[in-house]
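Please keep the sequence and the model in view while reading.

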Amino acid sequence: MGQAEPLKTHYTYEEYLELEHAEGIRYEYYQGEVFAMAGSTKRHDQISFNTQKLIDNGMSDDCRVYSGDVKVEINQHKHYVYPDVVVTCDANDVEND
């Protein structure tokens with residue numbers, strides 16, 4: 001009987017992108033380690049929604065607020081996260097809506 005393949009513990013940035021695409025699961029990425037995003041509770045969702053709504057109501061038209069489905073690059077090819085609420089006023093981000 002063959003041995004099971006050991007679980008991979010570190011990924012290149014390219015492997016991380018392939019993993020997300022192939023599995024259809026969002027992962028956060030930190031210096032080669034990947035962390036599957038867990039589901040949230042109704043309470044968590046309501047808090048995130050209320051926060052997004054409050055921020056959006058007070059922002060200028062030059063900015064956008066997004067929910068936790070937007071990947072944020074912290075450090076190129078090294079650190080990526082999916083925050084609950086994301087705000088950007090960068091014209092490049094706003095143009096790509």
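## Overall architecture

The protein contains 3 helices and 6 strands. Read from the N terminus, its elements follow the order α-β-β-α-β-β-β-β-α. The model is a predicted one.

Of the 97 residues in the protein, 22% are buried. Among contacts with a separation of 6 or more, 39% are made by residues 24 or more positions apart.

Helix 1 spans residues 13-23, and its buried residues are Tyr13, Tyr16, Leu19 and Glu20. These residues lie on the same side of helix 1, because they cover an arc of only 115° around the axis. An α-helix has 3.6 residues a turn, so residues three or four places apart point the same way. The face turned away from the buried side of helix 1 carries the exposed residues Glu18, His21 and Ala22.

What does the buried side of helix 1 pack against? The partners of its buried residues are strand 1, strand 2 (33-36) and strand 5 (79-81). Just after helix 1, Gly24 adopts a positive phi of about 70°.

## The nonpolar core

The largest nonpolar core has 9 residues in all: Tyr11, Tyr13, Tyr16, Leu19, Tyr27, Tyr29, Val34, Tyr80 and Tyr82. Helix 1 and strand 1 each supply at least two residues of this core. The largest share, 3 residues, comes from helix 1.

Tyr16 is one of the members of this core. Setting aside neighbours within four places in sequence, Tyr16 contacts Tyr11, Tyr27, Glu28, Tyr29, Val34, Lys71, Tyr80 and Tyr82.

Tyr30 belongs to strand 1, which covers residues 27-30. Is Tyr30 buried, exposed or partly exposed? Its relative accessible area is 39%, and Tyr30 is therefore partly exposed. When residues up to four places away in sequence are not counted, Tyr30 touches Phe35, Lys78 and His79. The C-alpha atoms of Tyr30 and Ile74 are separated by 9.4 Å, although the two residues are 44 residues apart along the chain.

Gln31 is located in the loop between strand 1 and strand 2. Although Gln31 is not a glycine, its phi is positive, at about 45°.

With a relative accessibility of 38%, His77 counts as partly exposed.

Val81 is a residue of strand 5. Why does Val81 count as buried? Its relative accessibility is 15%, and buried means under 20%. Apart from residues up to four places away in sequence, Val81 touches Glu28, Val70, Lys71, Val72 and Ile74. Between the C-alpha atoms of Val81 and Tyr27 the separation is 7.7 Å, and these residues are 54 residues apart along the chain.

The largest pocket holds about 260 Å³ of space. Its lining consists of 16 residues, of which Arg26, Ser40, His44, Asp45 and Asp84 lie nearest the centre. By class, the lining has 5 nonpolar, 7 polar and 4 charged residues.

Which element gives the largest share of this lining? Helix 2 (residues 42-57) does, with 5 residues. Ser48 is also found in helix 2. Ser48 has a relative accessible area of 13% and is therefore buried. Its contacts, leaving out residues up to four places away in sequence, are with Asp84 and Val85. Asp84 is also among the residues nearest the centre of the largest pocket.

## Summary

Helix 2 gives the largest share of the lining of the largest pocket.

Terms used: Residues numbered from 1 in each chain as written. Predicted model: local features only at pLDDT ≥ 70, side-chain atom pairs only at ≥ 80, totals over all residues. Heavy atoms only, no water. 1 Å grid on protein atoms, 1.4 Å probe; cavity = no way out; pocket = protein on both sides within 12 Å on 5 of 7 lines; lining within 4 Å. Points joined across faces, edges and corners; volume = space filled by probe spheres on them. Helix = DSSP H or I, 4+ residues; strand = E, 2+ residues; numbered from the N terminus. Nonpolar A, V, L, I, M, F, W, Y, C, P; charged D, E, K, R; others polar. Buried < 20%, exposed > 50% of the residue type's maximum accessible area, 1.4 Å probe, protein only. Contact = heavy atoms within 4.5 Å. Core = buried A, V, L, I, M, F, W, Y, C linked by side-chain atoms within 4.5 Å. Arc of directions from axis to C-beta.
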